[in-house]
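Take the sequence and the model together.

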Amino acid sequence: VAVPLIYREATSRRVLTMEWIDGVKLTNIEKVKNLGIEPEELINIGVNCSLQQLLEHGFFHADPHPGNILALSDGRLCYLDFGMMSEVSKESRTGLIKAVVHLVNRRFDKLSKDFVQLGFLSKEVNLEPIVPAFEIVFTKALEVGVNKMDFKSVTDDMSNIMYKFPFRLPPYYALIIRSLITLEGIALNVDPNFKILGAAYPYFASRLIEDEEPELRESLKEMLFEENNFIWSRLEDLVSSASKQVELDLEQLIDQILNFLFSEKGSLLRKEITSNLANKLDNMGWKIVIKINNTLPKAIRSKVIEKSNKQKQLEKIILELEPMNKVMGIVNSSPKFKKEIIIKRIPRIIKEPLTRKISLDIIKKASEKSMVRLVKVAAGVIQ
């Protein structure tokens, strides 16, 4: 992105003198293309830049209309006219990301509490009747998926709820809505199917994965777990969305995943990984037993093993592990991915005190499963 330089020597308290910028309005698609620039790329830059202003710096351009955003011949996006700016507190920035997590997970009870943190509702308001109202508005919108949610329709429906309940509109929120709707309007000139929420979600995903803010670490846990059950598909969706982020730092992403895995809050994830790997190890051993049994003369083969449907269970477990393979596939497909990124982190993984515990737990669980199966086979019980 680019911004005009300020000429301090020609600037006073009442006069702001800035650099002249030659550029093309984003709404003039043909002229933008004549510069050798794809308008879609500039829209993506604009969305990400606006979200960085809003959620990282808390100081954003609140008036990004077509006359204030230009395409430059060198491929940059230039912002003009900083007369309308607004600030968002750190608490509100974190609250916005948490609200997105609760919206995607359909946790409308927690979403209502987010609205208290964001200043839409006072702490004294009874949230009980608001939760079902949120459910009615957002469930229909979520059915099409975050990438296809219509931002304007959702904000219109939210306006109806605000009239029915004691909502108040924080000044910063009105400017955020104005900024995003204006940005979406510009983007619709380039792509009639553009959805601002769909374009913004990769940024939210990357912030959720990369940010070390304690509240966002908790939000990441909420995103990936449901009632203490790890949801692989959510991790897959999150990494898939984050990988679309142009500025995603893969090394930082992998470090954050490792930090989370070996942290106190990562105990449920460690438990899930331990259980999955123990099952895989156990079933690899059982598959060998089945193969050995099949090579024996028919007269001395174990009928129990022959009749066992353990092979089907093996296939089921492998399928359960498939999402993790997809997650790694998404990471591997990133242009920034190199094997060295993983290799140079192996010493750290080995040195982690919890690595030894995880390894012992995997062996213990796999051994227990094998012993139980052997007893059942000896007793003639089909697995």
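Which residues form a nonpolar patch on the surface? Ile343, Ile346 and Ile350 do, with about 300 Å² of accessible area together. Patches are made of residues with over 30% relative accessible area and no salt bridge; like charges are joined within 9 Å, and nonpolar side chains (Val, Leu, Ile, Met, Phe, Trp, Tyr) within 5 Å. Accessible areas come from the Shrake-Rupley method with a 1.4 Å probe, and for residues only the protein chains shown count as cover. Isoleucine 346 lies in helix H16 (residues 346-351). Its relative accessible area is 39%, so isoleucine 346 is partly exposed. Buried means under 20% relative accessible area, exposed over 50%, and partly exposed in between (1.4 Å probe, protein chains only).

This is a predicted model: local features need pLDDT of at least 70, side-chain atom pairs count only at pLDDT 80 or more, and totals for chains, interfaces and linings use all residues. Residues are numbered from 1 along each chain as its sequence is written, and side-chain values use heavy atoms, with hydrogens and water left out.

Now the whole chain. The protein has 17 helices and seven strands. Helices (H or I, at least four residues) and strands (E, at least two) are DSSP runs, numbered from the N terminus. Of its 383 residues, 45% count as buried. The accessible surface comes to about 21600 Å², and 56% of that belongs to carbon and sulfur atoms. Contact means heavy atoms within 4.5 Å. Among contacts with a separation of 6 or more, 71% are between residues 24 or more positions apart.

Next, the helix pairs. Two packed helices are described by the angle between their axes and the distance between the axes. Axes are lines fitted to C-alpha atoms, for helices over the stretch in contact, and angles run from 0 to 180 degrees between N-to-C directions. Helix H4 (residues 108-117) and helix H5 (residues 130-142) have axes that come within 9 Å and cross at roughly 110 degrees. H4 is therefore roughly perpendicular to H5. Angles under 35 degrees count as roughly parallel, over 145 as roughly antiparallel, 65 to 115 as roughly perpendicular and the rest as oblique. On the H4 side, Phe108, Asp109, Leu111, Ser112 and Phe115 make the contacts. They meet Val131, Phe134, Glu135, Phe138, Thr139 and Leu142 in H5.

H3 packs against helix H9 (residues 214-224) at an angle of about 5 degrees, with the axes 10 Å apart. These two helices are therefore roughly parallel to each other. Thr94, Ile97, Lys98, Val101, His102 and Val104 in H3 meet Glu215, Leu216, Ser219, Glu222 and Met223 in H9.

Follow histidine 102 from there. Its place is in helix H3 (residues 90-104). Why does histidine 102 count as buried? Its relative accessible area is 3%. Leaving aside neighbours within four places in sequence, histidine 102 is in contact with Arg107, Lys110, Leu111, Asp114 and Glu222.

How many salt bridges does the structure hold? There are three. A salt bridge is a side-chain nitrogen of Lys or Arg within 4 Å of a carboxyl oxygen of Asp or Glu. Aspartate 63 and arginine 178 form one of them, at 2.6 Å, N to O. This pair links distant parts of the chain, 115 residues apart. Aspartate 63 sits in the loop between strand E2 (59-61) and strand E3 (69-71), and arginine 178 sits in helix H7 (residues 171-190). Aspartate 63 is buried, at 12% relative accessibility, while arginine 178 is partly exposed, at 36%.

Aspartate 74 bridges to arginine 76, with the closest N and O atoms 2.8 Å apart. Aspartate 74 is partly exposed at 48%, and arginine 76 is partly exposed at 38%. Aspartate 109 pairs with arginine 107, the closest N and O atoms being 3.0 Å apart. Aspartate 109 is partly exposed at 32%, and arginine 107 is partly exposed at 35%.

Two residues remain. Serine 50, in helix H2 (residues 39-57), is buried at 9%. Beyond residues up to four places away in sequence, serine 50 touches Tyr79 and Leu183. Aspartate 81 lies in the loop between strand E4 (77-79) and strand E5 (85-87). Aspartate 81 has a positive phi of about 60 degrees although it is not a glycine. Its relative accessibility is 42%, so aspartate 81 counts as partly exposed.
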